[in-house]
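Visitor: I would like to learn how to read a helical model, one feature after another. Could you take me through it?

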Amino acid sequence: MGILLFFIVHWYTSLFFQSIFHHRYAAHNMFTMSRGWEKFFYVGCFITQGSSYISAYTYGLMHRLHHAHTDKAGDPHSPHNEENAFLLMWLTRNNYKDLYTGKSTADDKYKKNLPQWTRFDKIAHSGWARLGWVMVYIVIYALLANAWWQWLVLPFTIAMGSLQGIIVNWWAHKFGYENFNLTDTSKNILPVDLIFWGEAYHNNHHRHPNRPNNATRWFEWDMGYQSMRVLDHFKVIKICR
């Protein structure tokens, strides 16, 4: 039970920061925030993503390329460029690394208004930081696990951010339903999304990429957007309406 609760808390906190900060803020500029709150979210990403921490700047850049070249050769993570989810995860990892290190570049138009905290990224993105988080997870599992098979969940904890990304990037271009007939293969994974914080409405998102609310039909509910409304109410962020 302890490992299950830890995994659920880790899943939703990591997903919250990736959905709100990396996706909706960095990639799409759906809201604004002060520099102080921006740094707070950077630290929150580091704490919740841990060993799978990614740069908000690089994520935002890569995601903009995904929208610009969806399902085409220039798409950094299209399931139609790879045979299975594992190869797609490797492709995504390589394209991300090349963008982060500067081995590959993108046009300046994709770099506008991307958050950047270079000194922090150098620390949080380092191999030593990742190793430190792996050790933390091992200690947590040693304290909470009461059966050997629960240790099988540890690799998913270590790769939490990558796991969440590949599920959406693979599944949402392979299976699901469509509200909009688009030129790409984006689909909505779940009609009622209580698992992916509203990121399951991928077809809706590709139709309206800068719309804060991913839900469009009466039964759809975007947890990420509702979180943004709360943050907006308390003046942590200001939604661009």
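**Reading the helix packing**

Guide: Gladly! Let us begin with a pair of helices: the axes of α1 and α6 approach to within 9 Å and cross at roughly 145 degrees. Keep in mind throughout that this is a predicted model.

Visitor: Which residues of α1 and α6 meet?

Guide: From α1 come G2, I3, F6 and H10, and they meet Y137, I140, Y141 and L144 of α6. Sorted by class, this contact of α1 with α6 has six nonpolar, two polar and no charged residues.

Visitor: At what angle do α1 and α3 pack?

Guide: The angle there is about 65 degrees, and the axes of α1 and α3 are 8 Å apart. The crossing of α1 and α3 is right-handed. On the α1 side the contact is made by Q18, F21, H22, H23, A26 and A27, and on the α3 side by A56, Y59, G60, H63 and R64. The residues of this contact of α1 with α3 divide into five nonpolar, five polar and one charged.

Visitor: And how do α4 and α8 cross, right-handed or left-handed?

Guide: Right-handed. The axes of α4 and α8 come within 10 Å, at a crossing angle of roughly 115 degrees. A85, L88 and M89 of α4 meet S162, I166, N169 and W170 of α8. By class, the contact of α4 with α8 has five nonpolar, two polar and no charged residues.

**Following single helices**

Visitor: How should I check the length of a helix such as α2?

Guide: Compare the expected span with the distance between the end C-alpha atoms. At 1.5 Å a residue, the 15 residues of α2 should span 21 Å, and the end C-alpha atoms are 21 Å apart, so the two agree. Just after α2, look at the backbone of G50, which takes a positive phi of about 55 degrees.

Visitor: Which residues of α2 are buried?

Guide: They are E38, F41, Y42, G44, C45, F46, T48 and Q49. These buried residues of α2 pack against α1, α3, α5, α6 and α10. For contrast, pick F40, also in helix α2. F40 has a relative accessible area of 45%, so this residue counts as partly exposed, the range between the 20% and 50% cut-offs.

Visitor: How far is F40 from G176 in space?

Guide: Their C-alpha atoms are 35 Å apart, while F40 and G176 are 136 residues apart in sequence.

Visitor: How many residues of α8 are buried?

Guide: Nine of its 12 residues are buried, and α8 is thus described as mostly covered. The buried residues of α8 are M160, G161, L163, Q164, G165, I166, V168, N169 and W170. What covers them includes α1, α4, α7 and α9. The length check works for α8 too: at 1.5 Å a residue its 12 residues should span 16 Å, and the end C-alpha atoms are 16 Å apart, which agrees.

**Looking into the cores**

Visitor: How many residues does the largest nonpolar core have?

Guide: The largest nonpolar core has 44 residues, and those with the most contacts inside it are I20, F21, F31, F41 and I237. The elements giving two or more residues to this core are α1, α2, α5, α6, α8 and α10. The largest share, 11 residues, comes from α1.

Visitor: What is F41 in contact with?

Guide: Leaving aside neighbours within four places in sequence, F41 is in contact with F16, F17, I20, F21, M33, L231 and V236.

Visitor: Is H77 buried or exposed?

Guide: H77 is buried, because its relative accessible area of 4% falls under the 20% cut-off. H77 lies in the loop between α3 and α4. Not counting residues up to four places away in sequence, H77 touches M62, H66, L88, T92 and N169.

Visitor: And F234, buried or exposed?

Guide: F234 counts as exposed, because its relative accessibility of 59% is over the 50% cut-off. F234 lies in the loop between α10 and β2. The C-alpha atoms of F234 and L182 are separated by 36 Å, and the two residues are 52 residues apart along the chain.

Notes
Residues numbered from 1 in each chain as written. Predicted model: local features only at pLDDT ≥ 70, side-chain atom pairs only at ≥ 80, totals over all residues. Heavy atoms only, no water. Core = buried A, V, L, I, M, F, W, Y, C linked by side-chain atoms within 4.5 Å. Buried < 20%, exposed > 50% of the residue type's maximum accessible area, 1.4 Å probe, protein only. Helix = DSSP H or I, 4+ residues; strand = E, 2+ residues; numbered from the N terminus. Contact = heavy atoms within 4.5 Å. Axes fitted to C-alpha atoms, helices over the stretch in contact; angles between N-to-C directions. Nonpolar A, V, L, I, M, F, W, Y, C, P; charged D, E, K, R; others polar. Left-handed = near helix turned anticlockwise from the far one by under 90°. Expected span 1.5 Å × (residues − 1).
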